[in-house]
Amino acid sequence: MATTKWALDPTHSEVQFKVKHLVISTVTGSFKQFEGEAETEGDSFEGAKVRFSAKIDSIDTNQEQRDEHLKSAEFFDAATFPEMTFVSTGFTKNDGGEYKLIGDMTLHGVTKPVTLDVEYGGQAGDFYGNTKAGFEVTGKINRKDFGLAWSGVTEAGSIVVSEEVKLMASIQFAKQTEPATV
C-alpha cells in the first residue's frame, strides 16, 4: 500500500494548554505558530507516524506580561529552547474513533515519553477538492518532568502554578498530492 503524506493545516487547527493558577482557577494559553505532518499507509491513520513542533515564542495567554514571563529563562527559556517537539512512536486504534498517540515530547531541552488521547473526527473533502482529516488531541504532562521547575507560593500559602498541565489540540490535516512525474 502506498504511503500517504498529510500536512497540518494551521488555519484550521489550534494548540492549547491549561494550568491551574492559585489552585482556584485555570489559565488557558495557546501556541500561535506550529506545524506538523503525518504519514499513513493509505488513508488509515492506525500506525501513523506523526511529527509536530510549536514555537515557544508564539505562546499567548492573553496577558502580555505573563507571556513574557513564560518565555523567560524562569520558565520555557524561549531563547535557548525555541521549540517544543513531538515525534510519535505509536498510534493505535481503540474502540470507535478513539486512538492512543504515544511519542517523545521535547520541551525545555528534556525529552520524555508522552501518551495522548486522540478522537478521530473523520475525513471530508473541501470546496477545492482537498481531503482533510480532523482530530481532537488531549493529554496531561507534569511541567517539572521537563525542567520547568519555577514555583511560587503566596503569603497565604497557595501554590501559584500547578505542576500538572493539560494539553488540548484541535488538528486538521490536509492530504498531500504527489507531484506528477514527467
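The mean pLDDT of the chain is 84, and 84% of its residues reach 70 or more. Next select residues 152-159, where the pLDDT is below 50, although this stretch still has 10 contacts in the model beyond near neighbours in sequence. Where pLDDT is low, the predicted coordinates should not be read in detail.

Now select Ser30, which you will find in strand E3, the run covering residues 25-31. Ser30 counts as buried because its relative accessibility is 12%, which falls under the 20% cut-off. With its surroundings displayed, and residues up to four places away in sequence set aside, Ser30 touches Val15, Gln16 and Phe17 as well as Ser58, Ile59 and Asp60.

Move on to Ala124, whose place is in strand E9, spanning residues 110-125. Ala124 counts as partly exposed because its relative accessibility is 46%, a value between the 20% and 50% limits. Once neighbours within four places in sequence are left aside, the residues in contact with Ala124 are Asn130, Thr131 and Lys132. Finally, select Gly134, 10 residues away from Ala124 along the chain, and draw a distance between the two C-alpha atoms, which are separated by 8.7 Å.

Notes
Residues are numbered from 1 along each chain as its sequence is written. This is a predicted model: local features need pLDDT of at least 70, side-chain atom pairs count only at pLDDT 80 or more; totals for chains, interfaces and linings use all residues. Side-chain values use heavy atoms; hydrogens and water are left out. Helices (H or I, at least four residues) and strands (E, at least two) are DSSP runs, numbered from the N terminus. Buried means under 20% relative accessible area, exposed over 50%, partly exposed in between (1.4 Å probe, protein chains only). Contact means heavy atoms within 4.5 Å. pLDDT is the predictor's confidence in each residue, from 0 to 100.
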